[in-house]
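Colleague: I would like to go through this model with you, contact by contact. Please put it up first.

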Amino acid sequence: MTAKSLFEKVWDAHVVEPEGADKPAVLYIDLHLVHEVTSPQAFSELDARGLKVRRPDRTFATLDHSIPTLRPDADGNRPYVTAQAKKQVETLEANAATHGLRLFGYDAENRGVVHVIGPEMGLTQPGYTVVCGDSHTSTHGAFGCIAFGIGTSEVGHVLATQCLAQRKPKTMRITVDGKLQPGVTGKDVALTVIATLGFSGGTGYALEYAGDVIRDLDMEGRMTVCNLSIEAGARCGMIAPDQKTIDWLRGRQYVPQGEAYDEAAKGWLALASDEGAVFDKEIRIDGSTIEPMATWGTSPDQGAAIVRGVPVADNEDQERALKYMGFTGGEAREVEKVDVVFIGSCTNGRMADLRAAAAIMKGRKVAPGVRALVVPGSEWVRLEAEKEGLHEIFLDAGAEWRLPGCSMCIAMNGDFVSPGQLAVSTSNRNFEGRQGPGSRTVLASPATAAASAVAGHVADPRQFMALEEA
Amino acid sequence: MSNQEPIHSFSSRILVLPEANIDTDQIIPARFLTTTTKVGLGKVAFNDWRYTADGSNKPHILNEIDPTEHRVLVGGNNFGCGSSREHAPWALMDYGFQAVISTEIADIFKSNCLKNGLLPVVVSKDVHDKLLANPQQRVTIDLQNNALTLEDGTVITFEVEAFARQCLLEGVDAMGWLLKRLPDIEKFEQSHGKAA
């Protein structure tokens with residue numbers, strides 16, 4: 001038997017028809033997640049052809065991108081940003097009803113950001129193929145899934161056939177060795193990987209993250225790392241399931257229960273890349289040298305350790321990015337006065353993320369003039385955080401505590417950063433205007449975002465951490 | 001709406017946007033994604049480059065040219081990175097573009113382009129430099145022969161994934177192609193424990 005990688009094992013188990021020179025493979029999709037923004041035109045295509053969703057039992061929908069994160073008024077009216085946003089939500093509600101899909105809507109106890117609720121409910125299971133009309137679908141790769149974002153045409157293909165026509169990508173293993181320093185998180189690992197690979201360094205590859213640092217990360221940290229694969233151009237990133245994966249998923253709503261779970265888990269542990277598996281490319285990073293990171297430019301690969309300050313531009317693209325950000329090469333990050341802090345998103349809107357932010361905000365205040373927004377990734381995260389009293393820590397510090405949604409990450413629901421303002425954000429993209437026209441974004445971990453909220457400028461979180469950790 | 005118009009060959013002047021890493025948030029900002037149709041997005045293509053906050057025109061080449069005369073967009077290095085929004089090719093096509101040329105084109109964006117008949121053409125740095133050096137030029141794109149001809153007569157071949165190329169040339173419909181495989185898909189589900 002040839003040694004196979006994790007990717008090859010999962011891929012091979014889903015090939016309905018093999019790839020040829022003149023045709024792509026027909027790849028079976030186990031789980032299709034749907035949200036309101038990238039699905040309406042796909043349902044219209046099905047309607048135009050007189051088709052129904054072929055496997056409603058493998059198709060799950062949620063509301064996350066366009067929905068307000070403010071509470072409804074006394075009459076139950078939700079403060080949508082526009083009538084069109086409301087219509088988009090109603091369109092998904094109608095399509096889900098027509099096609100018999102499970103929609104985690106406003107009445108569901110587990111509505112939330114699509115890449116938060118999939119794993120949370122155990123819809124995401126090791127060895128699955130998972131797709132969604134959203135580029136951060138790579139998140140689910142943390143469970144040993146081939147998970148990738150697709151466009152609306154392909155959403156239609158999966159709705160109609162449960163399959164996609166796909167070419168097999170090349171494979172790249174990124175091994176992060178060593179042990180992380182205290183105060184360094186999965187987000188810092190991810191931003192380091194992206195800075196190492198470059199903005200398009202992963203284009204055409206399926207990534208596998210391996211090494212002691214990845215093994216040591218909790219599942220939330222692993223999701224953050226896989227989530228950001230697309231920011232290096234890779235459609236999917238994955239991590240082999242281990243005991244941590246199995247313990248994390250056990251008992252969740254949609255996974256097998258009891259003995260059936262233990263049986264399934266045996267298969268999941270066998271998915272790990274075989275000794276001697278060959279990758280098209282291998283990269284090694286020394287994890288012990290990673291420090292809290294913050295982006296300084298307008299693409300996610302333009303990031304550096306906070307303690308190193310803003311780098312001096314060495315090409316036109318970097319000069320243009322620094323000019324947009326209003327930063328000067330060589331200056332310390334602490335001179336960057338912060339207007340907005342956003343904690344949330346499919347990248348960092350989970351319990352571990354909120355706990356990390358709360359640990360820094362506890363007993364402290366958001367600096368005068370800073371607006372801090374904390375948006376849980378799901379209803380489950382919101383309730384759990386409220387049970388632990390995290391919301392009180394945020395509110396006492398002067399931050400806002402919102403309902404779940406994508407919110408200020410994509411800024412299409414009315415939560416946005418005003419022109420010229422600087423945001424430190426736990427989200428995934430710092431493109432020009434991503435968080436609102438003219439907005440400037442610094443990407444960082446929840447701990448760094450919370451530290452920056454308290455300090456009023458971009459700040460290394462370690463100065464706010466307890467001594468025993470340091 | 002199911003079948004694409006076949007694409008064979010066309011000539012047009014280019015339109016150069018030399019910025020590197022033009023991402024999908026530039027092509028169409030997220031706040032315009034609340035639409036439930038594909039139509040009319042050309043007016044918000046590159047919205048924040050073309051308009052001020054109050055909606056008036058900024059001095060930008062996209063507001064000055066006749067889109068029917070410039071059907072080939074040449075972007076800076078690495079075009080289309082970012083989100084999976086198919087609204088990006090919808091907006092570019094509604095504006096009037098039929099092809100996008102760059103040194104690298106992001107995976108999901110490229111896949112979305114091919115589904116809609118917006119031809120992604122990846123060229124070498126040398127060819128890219130020639131296009132940027134003469135932004136007024138007229139080029140010919142011949143999908144039948146995978147050939148891009150520059151105004152100076154340089155002819156280069158470009159790659160398009162074979163199946164996508166066939167779909168574009170013959171108007172083959174990718175969903176229809178998959179639907180024809182339903183019997184095999186059902187067999188696969190039965191034999192792999194995935195039946196409903």
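Colleague: How many salt bridges does the structure hold over all chains?

Modeller: This is a predicted model, and side-chain atom pairs count only at pLDDT 80 or more. Over all chains, the number of salt bridges is 42.

Colleague: Across the interface of chain A and chain B, how many salt bridges does the rule find?

Modeller: One of the pairs between these chains joins B:Lys115 and A:Glu154, with N to O at 3.2 Å. For the interface of chain A and chain B, the rule gives a count of nine.

Colleague: Which side chain of chain A meets A:Glu154 in a salt bridge at 3.6 Å?

Modeller: A:Glu154 lies in helix H5 of chain A, and its partner sits in the loop between helix H8 (219-227) and strand E11 (236-238), so the pair ties together parts that are 81 residues apart in sequence. The N to O distance is 3.6 Å, and the partner is A:Arg235.

Colleague: Which element gives the most to the side of chain A that touches chain B?

Modeller: Several elements of chain A give two or more residues to that side, including strand E1 (15-17), helix H3 (83-99), helix H5 (152-161) and helix H11 (316-325). By class, that side has 25 nonpolar, 20 polar and 20 charged residues. The element that gives the most, with seven residues, is H5(A).

Colleague: What is the area buried between chain A and chain B?

Modeller: In terms of contact, 65 residues of chain A meet 56 residues of chain B. On the side of chain A, A:Gln41, A:Arg49 and A:His157 lose the most area to chain B, together 12% of what that side buries. Carbon and sulfur atoms give 58% of the buried area, which is about 4,900 Å².

Colleague: How many residue pairs are in polar contact between chain A and chain B?

Modeller: A polar contact needs a pair of N or O atoms within 3.5 Å. With both residues at pLDDT 80 or more, the count between the two chains is 25.

Colleague: Within chain B, which residue of E4(B) is the bridge partner of B:Ile101?

Modeller: Strand E3 (residues 99-102) and strand E4 (residues 119-122) of chain B pair in the parallel sense, over four bridges. Together with helix H5 (residues 107-116) of chain B, these strands make a right-handed β-α-β unit. The bridge partner of B:Ile101 is B:Val121.

Conventions: Residues are numbered from 1 along each chain as its sequence is written. Chains are lettered from A and ligands numbered from 1 in the order in which they are written. This is a predicted model: local features need pLDDT of at least 70, side-chain atom pairs count only at pLDDT 80 or more; totals for chains, interfaces and linings use all residues. Side-chain values use heavy atoms; hydrogens and water are left out. Contact means heavy atoms within 4.5 Å. Buried area is the accessible area (1.4 Å probe) that two parts lose on being put together, summed over both. A salt bridge is a side-chain nitrogen of Lys or Arg within 4 Å of a carboxyl oxygen of Asp or Glu. A polar contact is a pair of N or O atoms within 3.5 Å; within protein, one must be able to donate a hydrogen and the other to accept it, and residues adjacent in sequence count only if both atoms are side-chain atoms. Ala, Val, Leu, Ile, Met, Phe, Trp, Tyr, Cys and Pro count as nonpolar, Asp, Glu, Lys and Arg as charged, and the others, Gly among them, as polar. Two strands pair if DSSP finds at least two bridges between them. A crossover is right-handed if, with the strands pointing away from the viewer, the path from the first strand over the helix to the second runs clockwise.
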